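Me: I have a protein model open and would like to learn how to read it. Please take me through it one feature at a time.

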Amino acid sequence: MIPAAPKLGAKAWILIDGATGAVITSHNSDMRLPPASLTKMMTAFVTTREIKAGRIKADGMVTVSENAWRTGGSRMFLDPGSSVSVHDLLSGVIIDSGNDASVALAEHVAGSEGVFVGMMNSTATALGMRNTHFMNSTGLPQPDHYSSARDMALLARAIINEGADTYALYAKKHFTWNGIRQANRNLLLWRDDSFDGLKTGHTEAAGYCMVASSRRDGRRLISVIFGATSTQKRTAETEKLMGYAFRFYDTQTYKKAGEVLKTAALWKGEKRSIALGLLDDMTLTLPKNRHRKIETRIEIDGPLQAPIAMGTVVGKLELYDAGQLLGSRPLIALEDAEAGSWWKRWWDTTHLFFTQMIRGWFDDTQTA
């Protein structure tokens, strides 16, 4: 038995495995709370997607508007009317948590912050962030501007999986602009080299928030904390969560994509059998257990009859340990199965009819 997950001094939290997305522990993870500057993760994410789509360029120059310059709160210290590259503005958003940089990017990408916020919300919906609604690009307090720990974990995972180039910015400790050198507020970057992101946030309403990611021995974990009571508290609680999961949980691939897991009988086809397997690796995050004995169960959805296209779902694969279901995945055809000749189809149709009739009669006698 592994010990219970730690209880934290915060309003809400979640810890997930970066590879599988499996939730290791959580508390109030769907509660709608003000995200403060965690909002800027979405600002940066939308911008990097626009770069990837070719609609803007990383080295493209942005003219800073007076509106962006006047934005209050944390700043990159932009000058109104100055020209700044998109890449430098991303650094100002991610490292400095600059509200002025966030608005400047929003205006450059979409023409106005209001239109950009619409893009943020559309992206949140596409990612499955069901308890998130943005009202600005900065995270400054505003009615109906909220998110949740689970949603921020989803966003963090998307950033890591899609933004290899830009993600490196989240691990940078300092950024200098206009002669002003500012430090990344993520204290974990100085304490432990395994941490490489992502973002902190703080307002009076939100408390102290943090999204963090740590990679050790090839395994990545993502944690989110909302509403801690201080900078030191959110840092310590994040370390506590990560230490627990790395110590007591593990992530393993139990079945590989494309591996032939079963060769099943095929009816009405040119061939007599068809290879079945999984579309993706079956990777599970589970409590560490040296004595675990994995049992594989495969269920096929009735007699398999040609034609069957490669990739068609034909059943499911389940893994059990001592009768407990560990995970389930769709079973697919790993190859195309063409229909056989008219004679083969007629013969198999007749054979199937009598086989199913006899089976039905046998089942009736067993229940009589």
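Me: In which strand is Thr176 found?

Reply: Helices (H or I, at least four residues) and strands (E, at least two) are DSSP runs, numbered from the N terminus. Thr176 is found in strand 5, which covers residues 174–177. This is a predicted model, in which local features need pLDDT of at least 70 and side-chain atom pairs count only at pLDDT 80 or more, while totals for chains, interfaces and linings use all residues. Residues are numbered from 1 along each chain as its sequence is written, and side-chain values use heavy atoms, with hydrogens and water left out.

Me: What is the relative accessible area of Thr176?

Reply: Buried means under 20% relative accessible area, exposed over 50%, and partly exposed in between (1.4 Å probe, protein chains only). Thr176 has 41%, so it is partly exposed.

Me: Is Ser148 buried or exposed?

Reply: Ser148 is buried, because its relative accessible area is 0%. It lies in the loop between helix 5 and helix 6 (149–162).

Me: Which residues is Ser148 in contact with, leaving aside its neighbours within four places in sequence?

Reply: Contact means heavy atoms within 4.5 Å. With those neighbours left aside, Ser148 touches Ser29, Asp30, Met31, Asn131, Thr132 and Phe226.

Me: Where is the place of Ser91, and which residues is it in contact with beyond its neighbours within four places in sequence?

Reply: Ser91 belongs to helix 3 (residues 86–94). Its relative accessibility is 3%, so it counts as buried. Apart from neighbours within four places in sequence, its contacts are Asp96, Leu169 and Phe175.

Me: How many helices and strands are there in the protein?

Reply: The protein has ten helices and 17 strands. Its radius of gyration is 26 Å, well over the 21 Å that the globule rule gives for 368 residues, so the protein is more spread out than a compact globule. The radius is taken over C-alpha atoms, and the rule is 2.2 Å times the number of residues to the power 0.38. Along its principal axes, the C-alpha trace spans about 85 × 50 × 35 Å.

Me: Where is confidence lowest in the protein, and where is it highest?

Reply: Confidence is read from pLDDT, the predictor's value for each residue, from 0 to 100. The lowest mean, 60, belongs to helix 10 (residues 342–367), and the highest, 98, to helix 5 (residues 113–126). For the protein, the mean is 92, and 93% of the residues reach 70 or more.
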